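Here is a short briefing on packing and pockets. Look at the structure first, then read on.

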Amino acid sequence: MENIIEIKNLTKYYGSLFWKKKKPSLYDLNLTIPDGAIFGFLGPNGAGKTTTIKILMNLIKQSSGEALILGCPPDNVEVKRLIGFLPDAPAFSPYLSAVEFLNICAKLFGIPSDIRKKRIAEVLETVRMTRHAKSKLGGFSRGMTQRIGIAQAILNNPKLLILDEPLVGLDPHGRQELKDIILDQKARGTSVFFCSHILSDAEKICDRIGILCESRLLCSGRLDELLSETGSKLHVSPGHDDIAKEMLSAATETIKRPDGGWELSFQNKEETTQALMAIKEKHGGAVTITSSRESLEDFFFRKIENATKQS
Ligand SMILES: Nc1ncnc2c1ncn2[C@@H]1O[C@H](COP(=O)(O)OP(=O)(O)OP(=O)(O)O)[C@@H](O)[C@H]1O
Ligand SMILES: [Mg+2]
């Protein structure tokens, strides 16, 4: 299969026929995600991200359009076995221990009894919850609950992981661990579709993103293609302050390193590019020039700002 998710003209109006909301919560979404990708679905609160996920997970029906997940419609029962899902704000039975809960999940996934115990121990280890295995879920903090949610999502070695705000509630260490888990899942051949507001983390792990704003998709594609090269950096070796000073006034950021070298940042403009080329020609080995990329955060805000200006 080439694409794990194919969405065509997907639109959702909440409410019954008579009370239907006038404004769609999702409007004419078109999205194709290839197998093996880590896809980050980004957008402000209320953009329609959870709505999209709920349609993919067959928790709600679209008003129009089509969604295919692993090549099948979302109500296909067989496909469910191949998907791991973490809903936003998961609420699990407070009376079950972590192991009891995961045991129920494993049975629902049809994991054979002889490997169930081993698999549960493995996922508890992956989410660093082994020492809380016998504790009741009701006593867990938000981050601990989130970790158990992630454990149940990866329990069945899914082909596709769908995670709604997986980084919420996790401390910095937990966020790093989750990013490692996601990258590890990708290395095992699992595709990942997740929503997040934490753009710096999304930038580190996604190979594709989509930005949704006010029910509409603003853009989607490969991260390295979307984030354009917007600037250059001039690195000056120690002992060449004169070269750095020549370019100081045109730089947007200037760093003098502890070793005496310099790092000057420039925005891409015709005249700065020419000046940098001239410096390179004149001073050769004392300087290097690299290109710098726009951050995902800057890209995100630029797209959202343009979209809100136009509406
Ligand atoms: N059950 C519902 N009934 C009516 N409207 C709803 C319902 N669920 C969501 N909405 C509306 O649909 C829109 C999109 O909501 P959605 O939860 O998909 O946003 P989101 O992008 O996931 O936001 P967040 O980042 O806050 O999680 C919002 O305007 C919301 O008010
Ligand atoms: Mg949401």
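This is a predicted model: local features need pLDDT of at least 70, side-chain atom pairs count only at pLDDT 80 or more; totals for chains, interfaces and linings use all residues.

- Leu155 is among the residues with the most contacts inside the largest nonpolar core, along with Ile148, Ile209 and Leu296.
- That core has 49 residues. Helix α3 (residues 98–109) gives the largest share, six residues.
- Apart from it lies another core of 29 residues, including Ile4, Ala37, Cys72 and Ile83.
- A nonpolar core is a set of buried Ala, Val, Leu, Ile, Met, Phe, Trp, Tyr and Cys residues joined through side-chain atoms within 4.5 Å; buried means under 20% relative accessible area with a 1.4 Å probe, protein chains only.

**Domains**

- The domain assignment gives domain 1 (3–226) and domain 2 (229–293).
- Their C-alpha centres lie 44 Å apart.

**Lining by class**

- The lining of the largest pocket has eight nonpolar, two polar and two charged residues.
- α3 gives the most to this lining, with four residues.
- For the second largest pocket, the lining has one nonpolar, nine polar and five charged residues.

**Conventions**

- Residues are numbered from 1 along each chain as its sequence is written, and chains are lettered from A and ligands numbered from 1 in the order written.
- Local features need pLDDT of at least 70, side-chain atom pairs count only at pLDDT 80 or more, and totals for chains, interfaces and linings use all residues, while side-chain values use heavy atoms, without hydrogens and water.

Definitions and conventions:
Buried means under 20% relative accessible area, exposed over 50%, partly exposed in between (1.4 Å probe, protein chains only). Helices (H or I, at least four residues) and strands (E, at least two) are DSSP runs, numbered from the N terminus. Domain bounds come from an automatic or database domain assignment. Ala, Val, Leu, Ile, Met, Phe, Trp, Tyr, Cys and Pro count as nonpolar, Asp, Glu, Lys and Arg as charged, and the others, Gly among them, as polar.
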